[in-house]
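Let's take a friendly walk through a protein model, one spot at a time. Have the sequence and the 3D view ready, and look each place up as we go.

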Amino acid sequence: MVGSERDDTWDAATTYVIGHQRPDMDAIGSAIGKAWLMQNLASDHVVPARAGQVGSQARFALDRFEVASPRLLANVSPTFSHVAFRQEPVDAESPLSDALLRMASGERIIPVIRKGGKLLGGLGSLALARAYAHLARHLEGTSVPNCERLVETMPTYQARDHILDHRNALLRSEGDDFLIVNSADKYFGTVTRRQVLNPPKAKLVLVDHNEITQAVPGAEEAEIVAVVDHHRLGNAMTSSPIPFIVEPVGSTCTLISEACQWHPYRLPRGVAGVMLSGILSDTLVFKSPTTTDRDRNVAQWLANIAQVDQNAYGRELIESSPGLSDRSAADILDTDRKSYEMAARNVSIAQIEVTDLNEIPSRRQDLLEALRDRLEKEQLGFICLMITDVISLKSHLLCQADIVTLGQLPFPRVDDHEYELGGMVSRKKQLVPALQSVLEEI
Ligand SMILES: [Mn+2]
């Protein structure tokens with residue numbers, strides 16, 4: 001509705017196509033592809049978005065195909081800026097009659113500011129009564145009060161603050177009108193109780209995820225208008241039916257590109273390039289066991305539009321991953337880590353792609369300490385890091401758990417807490433089922 005404070009947040013008139021937190025290449029590529037499709041098919045204003053920083057692979061692909069990065073949305077919970085109405089304020093030194101005339105014409109409260117915009121408070125019905133009392137006492141009419149003399153303090157909130165964080169205070173408060181300031185305490189707008197308790201919702205299309213726990217913070221307060229994904233189901237209820245497409249293919253970009261094949265508009269080279277990158281990244285250039293013929297077929301179509309050789313380009317893309325060097329243990333562990341429940345234990349599995357497993361020894365101790373730290377802090381039964389060499393297509397596993405569990409792992413031991421997984425490359429299709437059956441037997 002108003003103001004510059006909302007430029008870094010969402011707008012109720014826009015639909016955002018957004019991937020999961022800690023977005024990977026597929027989350028970025030599918031947001032760009034789906035937004036392009038919707039921009040051409042629907043009348044609504046649609047924008048691609050992302051719930052976190054662009055990773056190295058996505059940076060590489062966006063630069064290569066000269067596509068703008070999707071817009072960052074850090075949180076979609078409604079703030080006071082989404083409900084505030086910019087009611088004209090009066091200056092503190094203006095004669096009171098200026099404000100009273102406006103109240104007489106139906107305005108419920110009049111914001112009062114100092115020169116420069118600092119909010120002083122508001123004039124409401126209390127000020128009106130005081131003005132009347134003042135006149136009654138001084139019928140001779142000596143001094144006419146200005147607005148500052150009678151200004152009231154009223155409940156005031158920051159435009160950036162999430163309404164939900166103040167909901168209890170708002171419900172308890174006696175007044176029906178609230179004042180909103182920006183981060184410099186300057187007047188921003190006014191809002192009524194009814195408006196603040198029924199804020200507009202962000203409209204989201206979820207791509208490459210469907211579980212609300214993996215979505216952008218605040219998504220539980222948003223309206224989910226569609227889902228396109230290739231992961232297991234774990235979604236929340238919606239209030240009305242929505243397009244919900246979840247299919248077991250190698251990448252979300254595959255599903256969106258297939259829809260583009262039937263589309264009358266010509267897919268731009270850049271959009272084709274970033275969606276091809278999503279397929280190549282998620283399928284490890286068609287070598288992951290999650291790969292299907294649908295991924296291969298649509299990738300060929302995209303590669304022609306993007307004018308690249310998919311295998312050569314795929315290798316460049318995969319090699320643009322930063323690996324283990326120059327990154328903190330926390331960054332390596334938490335960039336792509338997922339939670340599971342297996343045999344009544346909380347299990348956490350992180351995965352990192354490298355181009356050489358020889359990077360491991362120099363980081364082993366450091367990573368094992370960080371794993372131990374998370375095991376204890378998060379009270380997990382098992383935590384591991386799957387380190388996948390995307391060139392040789394082999395993985396190693398670094399684990400922390402109790403001694404008994406570690407002793408039962410059926411994988412060849414390389415070093416303390418380090419195991420060989422052979423040709424496993426897929427967490428969801430290979431490692432998760434293998435660990436599940438191991439943990440159930442212990
Ligand atoms: Mn994906």
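## The metal site

Start with the manganese ion: along the sequence, its donor residues follow the spacing D-x181-D-x21-H-x51-D. In the structure, those donors are Asp 26 (OD), Asp 208 (OD), His 230 (NE2) and Asp 282 (OD), sitting at 2.1 to 2.3 Å. A donor here is an N, O or S atom within 2.8 Å of the metal (3.2 Å for Na, K and Ca), and water is not among the atoms, so sites may look incomplete.

Where do Asp 208 and Asp 282 lie? Asp 208 is in the loop between β10 (203-207) and β11 (223-229), while Asp 282 is in helix α9 (residues 269-282), so this pair ties together parts that are 74 residues apart in sequence. Helices (H or I, at least four residues) and strands (E, at least two) are DSSP runs, counted off from the N terminus. Is Asp 208 buried or exposed? It counts as buried, because its relative accessibility is 1%. Buried means under 20% relative accessible area, exposed means over 50%, and partly exposed is in between (1.4 Å probe, protein chains only).

## What you're looking at

A quick word on the model: it is predicted, so local features need pLDDT of at least 70 and side-chain atom pairs count only at pLDDT 80 or more, while totals for chains, interfaces and linings use all residues. Residues are numbered from 1 along each chain as its sequence is written, and side-chain values use heavy atoms, with hydrogens and water left out.

## Two helix pairs

Two packed helices are described by the angle between their axes and the distance between the axes. Take helix α1 (residues 25-41) and helix α2 (residues 56-64): their axes come within 8 Å and cross at roughly 40 degrees. That makes α1 oblique to α2. The axes are lines fitted to C-alpha atoms, for helices over the stretch in contact, and the angles run from 0 to 180 degrees between N-to-C directions. As for the words, under 35 degrees is roughly parallel, over 145 roughly antiparallel, 65 to 115 roughly perpendicular, and the rest oblique. On the α1 side, Met 25, Ile 28 and Ile 32 make the contact, and on the α2 side it's Gln 57, Ala 58, Ala 61 and Leu 62. Contact means heavy atoms within 4.5 Å. Sorted by class, the contact of α1 with α2 has six nonpolar residues, one polar and no charged ones. (Nonpolar covers Ala, Val, Leu, Ile, Met, Phe, Trp, Tyr, Cys and Pro; charged covers Asp, Glu, Lys and Arg; the others, Gly among them, are polar.)

Now back to α9, which packs with helix α11 (residues 310-319) at an angle of about 70 degrees, their axes 10 Å apart. So α9 is roughly perpendicular to α11. From α9 come Leu 276, Ser 277, Leu 280 and Ser 281, and from α11 come Gln 310, Tyr 313, Gly 314, Leu 317 and Ile 318.

Next up is the loop between α9 and α10 (293-306), where you'll find Thr 291. Leu 284 has a phi near 50 degrees, a positive value in a residue other than glycine. Phe 286 also has a positive phi, near 70 degrees, and isn't glycine either. Leu 284 is buried, at 6% relative accessible area, and Phe 286 is buried at 16%.

Thr 291 is buried as well, at 12%. Which residues does Thr 291 touch, leaving aside neighbours within four places in sequence? They are Thr 283, Phe 286 and Arg 296. A polar atom of the Thr 291 side chain also lies 2.6 Å from the backbone oxygen of Ser 288.

## A serine that reaches across

Finally, find Ser 426 in the loop between β18 (418-420) and α15 (427-441). Ser 426 counts as buried, because its relative accessibility is 5%. Not counting residues up to four places away in sequence, Ser 426 touches Ser 288, Pro 289, Thr 290, Met 386 and Leu 431.

Terms used:
Polar contact = N/O pair within 3.5 Å; in protein donor to acceptor, adjacent residues only side chain to side chain.
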